[in-house]
Amino acid sequence: PSLFKSYGSAHLLNNFRCSIPATLRFCTFAVSEDDVSKPNSKTLEEATLANQKSIDFTKLDINLLPTVIIIGRPNVGKSALFNRLIRRREALVYNTPDDHVTRDIREGLAKLGDLRFRVLDSAGLETEATSGSILNRTAAMTANVLARTQFAIFLIDVRTGLHPLDQEVGKWLRKHAPGINPIVAMNKSESLHKDPNSFAEAATEALKLGFGEPIAISAETGLGMTALHESLRPMLENYMAKVLDGKSSQDENLSQDNDSSKDDESKLPLQLAIVGRPNVGKSTLLNLLLQEDRVLVGPEAGLTRDSVRAQFQYQGRTVYLVDTAGWLQRGDRHKGPNSLSVMQSRKNLMRAHIVALVLDAEEIAKAWRSMTHAEVVIARQAVEEGRGLVVVVNKMDLLKGPRNSALYKRVKEAVPQEIQMVIPQITGIPVLFISAIDGRGRAAVMSQVIDAYEKWCLRLSTARLNRWLRKVASRHSWKDQGSQAKIKYFTQVKARPPTFVAFVSGNTKLSNTYVRFLTKSLKEDFDMGGIPIRIMQRSVPRMASGSSSKTGQSMGKTVERTPSDKRSSVV
């Protein structure tokens, strides 16, 4: 093997003699001295360069990784390939020949063998879409994203053959990304592995696109991922070699990345979920926070179907932002993508640290109520799951003007009071009034979100809590003091959300009124408003030895130790 690596396999195979007897079954080859003494210098250089380009993608910083976008016409399996690469079912996959499920750009970390790269799932391209339509807006958004990507996977459906739309997408790609040479992948090719002739015909037809030889894959079954790995690896390695060029060495760069990751472990990233009913401005708020047009926005209700996950930096803190689809009423949930969107929104609500509930100011003014039943359900579920809650009232620009000045003031005064009445489990819920379409309110929203997150992660020492407990007990008197359980000590067992344990003497338990009193006092004294607080109880049994010793001391008797042979006894 070392000879093959050093001198080149093609050079050695030209002087190859093989004999395989029926009994011995072994193979021998001979190499002349001239061949060994005069190695191929060009092959040696190629081997050296190959060793230098060997990069461990698993140890690189995610911000340095290349970006690969999956493009193609609608319904060719782009979201299925995206899920296959990130090894999770993040993107919605549904068979809708007459509709397009994916409308936004989704981003994830692809794990293809030992390769790591950022992968983008895009909406289906239709170049003949009318101006102003949803498909035309998604194509414009994909063109903007192409400007910051390095590679592309051009996906086609091999079962339908080369569609005219595929050729239009190829022309569109040459126009908007002339510097990208995509990898043509023939998806849904699980049937071609049995028929070599059909595979050759499909490959010949795909060559008409003019992007080189295609590869056959199946995103649903995972076939062809090895071929995709072999096609991507040299391009990704060349890109990373250029990125890492100019630094002292790759090892120093990796050690710096590892040290920075260790420092970031103490400061975990914040996960923020934007939830609410359809058409209240959730996607507009996400674009405002990211300061870029990442998701599709418009007057149509229900534009967002996938829960779009994005990452950005705010004041040195990593924030993972999730824009969820609008929560529908039970009667409005139809079978298909809408029902899958609601299920996905619930899952993202469970993963979030802080939940931003978006309300519509215009609907509040018309209906004379702050929250509908669906919004109350969202808020209560977030509280029950132990998540921090921030309420954002959007579209306040529609209430501005001399005619609406009184209504504007009434809405700002009534909404916090009504929210407190509807959600009594949490006091001090922050309420913000913004206009995302005007680009106002980003700093206010992020300030409240970070403040709620820091409260959600708050830890208090046991000594500080017990000093607080004595002060609280002294300033409050119960009518029946003897019937109240006595707390021996109070401690915090976990954060995120803050969870406390009250150790109560005997078998008695704290009343619900007393627990509510402690919860309210914690929020007021330690500024923990807007986040859920959990208080659990544990009983401390009375020790028999302690009672007997006290009795012996009261009677004036001395307790003497008697020798014991328990250590030497055998049970």
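This is a predicted model: local features need pLDDT of at least 70, side-chain atom pairs count only at pLDDT 80 or more; totals for chains, interfaces and linings use all residues.
How many of the seven residues of strand β9 are buried?

**Strand β9 and its neighbours**

I found that six of the seven residues of β9 (residues 317-323) are buried, so the strand is largely enclosed by the rest of the structure. Next I checked what it pairs with. Strand β7 (residues 270-275) runs parallel to β9, and five bridges link the two. I noted L270 standing opposite V319 of β9. Strand β8 (residues 308-314) runs antiparallel to β9, with seven bridges between them. Here I picked out Q313, whose bridge partner in β9 is T318. Strands β8 and β9 form a hairpin with two residues between the strands, and Q315 there has a positive phi near 55°.

**Another hairpin**

I then looked up β2 (residues 106-112) and β3 (residues 115-121). They pair in the antiparallel sense, and I get seven bridges for them. R106 faces D121 in β3. This hairpin has two residues between its strands, and G113 has a positive phi near 65°.

**The loop between β13 and β14**

Which peptide bond is cis around P497? I found that it is the one from R496 to P497, with omega near 0°. P497 sits in the loop between β13 (487-494) and β14 (499-505), and R496 has its place in the loop between those strands too. I also wrote down the phi of R496, which is near 60°, a positive value in a residue other than glycine. R496 is partly exposed, at 27% relative accessible area.

D527 is not a glycine either, yet I read a positive phi of about 55° for it. Its place is in the loop between α18 (512-525) and β15 (534-540). Is D527 buried or exposed? It counts as exposed, with 51% relative accessibility; the cut-off for that is over 50%.

I followed its side chain to K455, where the two meet in a salt bridge (3.5 Å, N to O). K455 belongs to helix α16 (residues 442-456) and D527 to the loop between α18 and β15, so the pair ties together parts that are 72 residues apart in sequence. K455 counts as buried, at 13% relative accessibility.

How many salt bridges does a search of the whole structure find? I got 15. One of them joins the side chains of E237 and R233 (3.0 Å, N to O). Both residues lie in helix α9 (residues 225-244), four residues apart, which is about one turn of the helix. I checked their cover as well, and both E237 and R233 are buried.

I also looked at R294 and E292, whose side chains meet at 3.3 Å, N to O, in a salt bridge. R294 is buried at 6% relative accessibility, whereas E292 is partly exposed at 31%.

K471 is in helix α17 (residues 462-474), and with 58% relative accessibility it counts as exposed.

My last stop was H176, which is in helix α7 (residues 164-176). It counts as partly exposed, at 34% relative accessibility.

Note on methods
Residues are numbered from 1 along each chain as its sequence is written. Side-chain values use heavy atoms; hydrogens and water are left out. Two strands pair if DSSP finds at least two bridges between them. Buried means under 20% relative accessible area, exposed over 50%, partly exposed in between (1.4 Å probe, protein chains only). A salt bridge is a side-chain nitrogen of Lys or Arg within 4 Å of a carboxyl oxygen of Asp or Glu.
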